[in-house]
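Could you walk me through this structure in my viewer, telling me what to select next and what is there?

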Amino acid sequence: MLHVQSQNYKLSRTFTEEDGLPSNHIYDLCEDDKGFLWIATDNGISRYDGTHFFNYSIKNGLPSNDVLQIVKEKDGTVWANCYKQPPSYFDEKLNRFVSFENNSSLLNVSESLLDVFTLEDGGILFQSNNGFVIFRNKKIISLNTKTDNRLLYIKGTYFYKSYTFINSINTIQLNDFNKPNKILGKIQIESKNNIQFNNLDAHNIIYFDLQHIYKIHEFEKAPFSYKIDSLYIPEPIKRIVTSNQQLHVIGLNGGIYSYDKNTFKVISYLKTNVDQNVAVIDQNRNYWIGTLENGIQYYNTSPIITVQNPAISNNFLSIHKTEDTHLLAGNFNGEIWDVSHTATHRIPSDIKIMWMRNIFSFGENTITLSDGGYSINYKKNKPIIAKNGLIQSIKTGLKLDESTLIIGTNTGIYKFNVPKQIYERINSPTERISNLQKIDDHSFYFIANKGVFKYALDQKNYSKVYLNDSLVNDRIDLITNGEDKNLWISTIKGNLILLQNNKIALKIPNSAGLPENFNRIYTFNKKLWIASKSGLYILDYTTFPRYSIHKLSKSDGLPSNGINSLIFESDTVYVATQNGIAKIPSHLKFSKFEITPLVTSLTINNLPLPILEHYKLEKDQKNIVIQLAGVELSGHFQKFQYTTHPDEQWIDLDGNTLNLSLKGGKTILNIRAIDSNNNISSRKLVLYFEVAIPFYNQIWFLLLFAFLLTGFIFWVFNSRKFENQKKTYEQQLALEQQRKKITADLHDDIGATLSSLQINSALAHKFIDQDIIRTKNVLTKIENQSHDLADKIGDIIWSMKPGNEGLMTFSMRIKNFANDIIGSTDIQYSIRINPLIDKSITDISIRKNLVLVCKEAINNAAKYSCASKIEIQFDMVQGYLIGSINDNGIGFDPLLIKGNGISNMQKRISELKGVLTIISAKETGTQLQIEIPFVP
């Protein structure tokens, strides 16, 4: 017979639907191998990691939301037993439950309530009055719907067990599993109390009466034998439950007795005040109690002691210990609680809002400061009134010596003489005084709007110590003395500064793990204690300039995370919180929590994927969202950090959801957890992602593209080079052809003229002595031929040199020629040539032929047309050069005209691939039209 002894468990937290539970009605609890707490309720299952509740329902694979049991198999698989539904197990990769609802035989077994048993060598057994089913590796290995007998699984062998009750004698009969009619043995139990058999174990027979639990075990076949162990429970038994290897006895009077299920060795005892339904002890030996209607209660063995006053508000703003060791605490309602004597004092006041900011002892007098004034020995509140008659709002106070109280208000500092009970305003800024700190009996520090100042009473003046100007977008908020006259300063943005001899010795940014806001700061035992709205932070600088930061919160046993004030006595710290007074050992040891980061769900491009370590993804699968869990049931998880480059800085993750946009190729994602004391867990989560790179981004493609591009550039370069060479050749060839034509022209036209000149010169020489008249005629002919020859040579030279660089343009050439021929006659003429033609005609052949055609036409019109008017016009129209030379003369029949003039003109225009049209008739004038395709 075994007994239990009570341990110092105390309620730390209560979790309900408001915290994320699917229901306050808790059926079962189970801690899995990864540290998650699984919670079975009448509205689904919840998985708790110490920070977040992840809820599962029929939408997540459960056959029903009414979940009676949650059981962990030996291999770590979590099974759910829903009310009259087939079993289901949790698939970690899919983050959902998998049920066996399609098996009709299993459905028949499940129509009656199922009992669940884990098997020692692996597997799990579900059985009911309709049969049983055995799973191993999540597959059915045995299913029987023809028996209502229960199974025992002993030393790898199954047995049937049945119960009978005759004349106060309970008989348990064991039959061979393979030969059901073969009786292996009987066990008879005679009891004066009613016995209840409990199907908690597939390996033993467990039953209990009013205050005893019995276990029948160590069975032997031949000869048939067994042993019986018993437990005495100090109170009537309400229920017994098992969790992992624990046996929990729930008493009718609120006690929970926990034992090792196999040895019946005592584990612990817990006294509660709720209607318990189930209990589990986690791996850190903390209790989790599931209730019938109040959710889950969490109990731990923290050395922190909490005291509360049920009669008043426990939101305490100030705390103080008197000289006769009374512990006093002031709340926000004008009440002072004498914790030591459990007495409450209400400060009478005409002011409704009474924040009890400070409590001081001066001999037998207790002085309290509130926003509206001061009170001595809990008598009616008296205001501080300025000379202008306005009541001052008190913000802080400081006991300077046994008779002097310094009071900081919203408009400056007052000195209060306690024995005389009089106050006076001292020389100080007319500003809000937010904090005071004693230096000695004659001086103190104070904080005003511009910074920290030192006040000397004997000099009745103050001097600056550290100004806000030294800070960037920040402002000093609190001060406290350190060792060796050092001064700690905090700012409104949660940064810390240590001053030594009024110079900065250390700066600690808020990002180092400090709270976002400070309520108070104190130094004690070379530690800086920081009261904040998110917990109590302790900065240990015993190894200055190195330091470490630790945090205490509700998870460690504090009644609230809102800490308003502290006092120190010997090795004890008294804390005023928003939910009571806490007593903390000053040398409290801080544990390091190894928090494992785990993936609870993963989606890529908003599509859920199984949870794996390695992912091979398509080229467009780049946007991932990962839900994470930092598993630490006592609530000491602080944050995650991640990196995709181990050599780079870790990135803080805000919350438990990580969004990433992957790049093509391989990405190695590392994730780690940080606990509330800023300890980095050594357990890392590593995920590998390989995103397919498009072929055009592959190295082989880039190399091939670079090779082809180089080849293309080389080809283009050579093609252009060839084209330039070809163009140069063609230009040279064209030039050569032009030269040949010019040579032909010189030979045919100028050469003939020169030959004629030579002959006529010889004739003139011959006739000069014989016939003067004939000689003169020959010389006149020579003169005309020379003039004509000069014109021809000028035309050829002009046609070979474009532009007006030393010679006239095309239009000037035509105008000058027309003026030479027609200007001395009575013929009126007009010339209109588009200026673009002068700039555009660069081809030698076009220039020469056009000029010669125009000269021939103008010359013919002047000599033979008898015209009174000639019009010359050239223009560019839609890629053609259009010209016309018209006269109003006697005209002619082009078919009857013989000679070289018109044929030469036709030949020259044909060379230019143009068309020459002559329209003329007798007495109708002549129209000569030219149309040449123009290519500049």
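Begin by selecting Leu-328 and Asp-338: in this predicted model, Asp-338 in β32 is the bridge partner of Leu-328. Now widen the selection to residues 327-331, which are strand β31, and residues 335-338, which are strand β32. These two strands run antiparallel and are joined by three bridges.

Next, bring in the neighbours. The open sheet here has four strands, in the order β30-β31-β32-β33, with antiparallel pairing. Select 316-321 for β30 and 343-346 for β33 to see the edges. Each of these edge strands has a single partner, so one of its sides is left without a neighbour in the sheet. On average, neighbouring strands of this sheet are turned by 20° against each other, direction ignored.

For the next stop, select residues 394-399, strand β39, and pick out Thr-396 within it. Is Thr-396 buried or exposed? Its relative accessibility is 8%, and buried means under 20%, so Thr-396 counts as buried. To see what surrounds it, show its contacts beyond four places in sequence, among them Asn-358, Leu-369, Ile-406, Ile-433 and Leu-436.

Finally, zoom out to the whole protein chain, which holds seven helices and 71 strands. Its radius of gyration is 56 Å, well over the 30 Å that the globule rule gives for 936 residues, so the chain is more spread out than a compact globule. Along the principal axes, the C-alpha atoms fill a box of roughly 180 × 105 × 50 Å. Colour by burial, and the buried residues make up 49% of the 936.

Technical notes. Residues numbered from 1 in each chain as written. Predicted model: local features only at pLDDT ≥ 70, side-chain atom pairs only at ≥ 80, totals over all residues. Heavy atoms only, no water. Buried < 20%, exposed > 50% of the residue type's maximum accessible area, 1.4 Å probe, protein only. Contact = heavy atoms within 4.5 Å. Pairing = 2+ DSSP bridges. Axes fitted to C-alpha atoms, helices over the stretch in contact; angles between N-to-C directions. Rg over C-alpha atoms; globule rule 2.2 N^0.38 Å.
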